[in-house]
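Work through the exercises below with the sequence and the model open. Try each task before reading its solution.

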Amino acid sequence: MANDIVTANGGQIVESSVDISSIGGDEKAAILLLSLNESDAASIIRHLEPKQVQRVGSAMAKATDLSKIKSASYTAHFWKTFRSTPTSVWAAKTSCVMR
């Protein structure tokens, strides 16, 4: 099922129909890490297990064909979910994303 996500595109609001559920955990992590500056991404990667770093690094390397719409849609979905979820629930949900 596609999720209609409202994203900013050069100051304009556009809707995209990207099936968020079709994006795997490694790709989701790669999208979010690539959207951060180098220092912030490194701060997060520092807390990952070696196998997780390998998987996310591989997903980041493959992200050259990642569409801007897909990336913007997932990033908007992530922040919308993050802002609407209590911290304790969020921590429990995200602990299994990379498994």
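**Exercise 1. The whole chain**

What percentage of the 99 residues in the protein chain is buried? Then give the order of the elements and the accessible surface.

Solution. The model is predicted: local features need pLDDT of at least 70, side-chain atom pairs count only at pLDDT 80 or more, and totals for chains, interfaces and linings use all residues. Residues are numbered from 1 along each chain as its sequence is written, and side-chain values use heavy atoms, with hydrogens and water left out.

Step 1. Buried residues account for 23% of the 99. Buried means under 20% relative accessible area, exposed means over 50%, and partly exposed lies in between (1.4 Å probe, protein chains only).

Step 2. The protein chain has 5 helices and 2 strands. Its order from the N terminus is β-β-α-α-α-α-α. Helices (H or I, at least four residues) and strands (E, at least two) are DSSP runs, numbered from the N terminus.

Step 3. The accessible surface is about 6800 Å², and carbon and sulfur atoms hold 56% of that. These areas come from the Shrake-Rupley method with a 1.4 Å probe; for residues, only the protein chains shown count as cover.

Step 4. Take the contacts with a separation of 6 or more: 58% of them link residues 24 or more positions apart. Contact means heavy atoms within 4.5 Å.

**Exercise 2. Helix α3**

Check the span of α3. Then find which of its residues are buried.

Solution. Step 1. Helix α3 covers residues 50-62, which is 13 residues. The expected span is 1.5 Å times one less than the number of residues. That gives 18 Å, and the end C-alpha atoms are 18 Å apart, so the two agree.

Step 1. Q52, V56 and A59 are buried in α3. They fall within an arc of 55 degrees seen down the axis, so they line one face of the helix. The arc is that of the directions from the helix axis to the C-beta atoms.

Step 2. On the other side of α3, the exposed residues are P50, K51, Q54, A61 and K62. Q54 has a relative accessible area of 56%. Its C-alpha atom is 9.9 Å from that of D26, 28 residues apart along the chain.

Step 3. Part of the cover over the buried residues of α3 comes from α1 (25-34).

**Exercise 3. Helix α1 and its partners**

Which residues of α1 are buried? How do α1 and α3 pack?

Solution. Step 1. A29, A30, I31, L32 and L33 are buried in α1. Their cover includes α2 (38-45), α3 and α4.

Step 1. The axes of α1 and α3 are 8 Å apart, at an angle of about 70 degrees. Axes are lines fitted to C-alpha atoms, for helices over the stretch in contact, and angles run from 0 to 180 degrees between N-to-C directions. The pair is therefore roughly perpendicular. Angles of 65 to 115 degrees count as such; under 35 is roughly parallel, over 145 roughly antiparallel, and the rest oblique.

Step 2. D26, E27, A29, A30, L33 and L34 of α1 touch R55, V56, A59 and M60 of α3.

**Exercise 4. Helix α4**

At what angle do α1 and α4 pack? Is T75 buried or exposed?

Solution. Step 1. Helix α4 (residues 68-84) packs on α1 at about 90 degrees, with the axes 10 Å apart. These two helices are therefore roughly perpendicular.

Step 1. E27, K28, I31 and L32 of α1 meet K70, S71, Y74, T75 and F78 of α4.

Step 2. T75 is buried, with a relative accessible area of 17%. Beyond its neighbours within four places in sequence, T75 contacts I31 and L32.

Step 3. A72, also in α4, is partly exposed at 28% relative accessible area.
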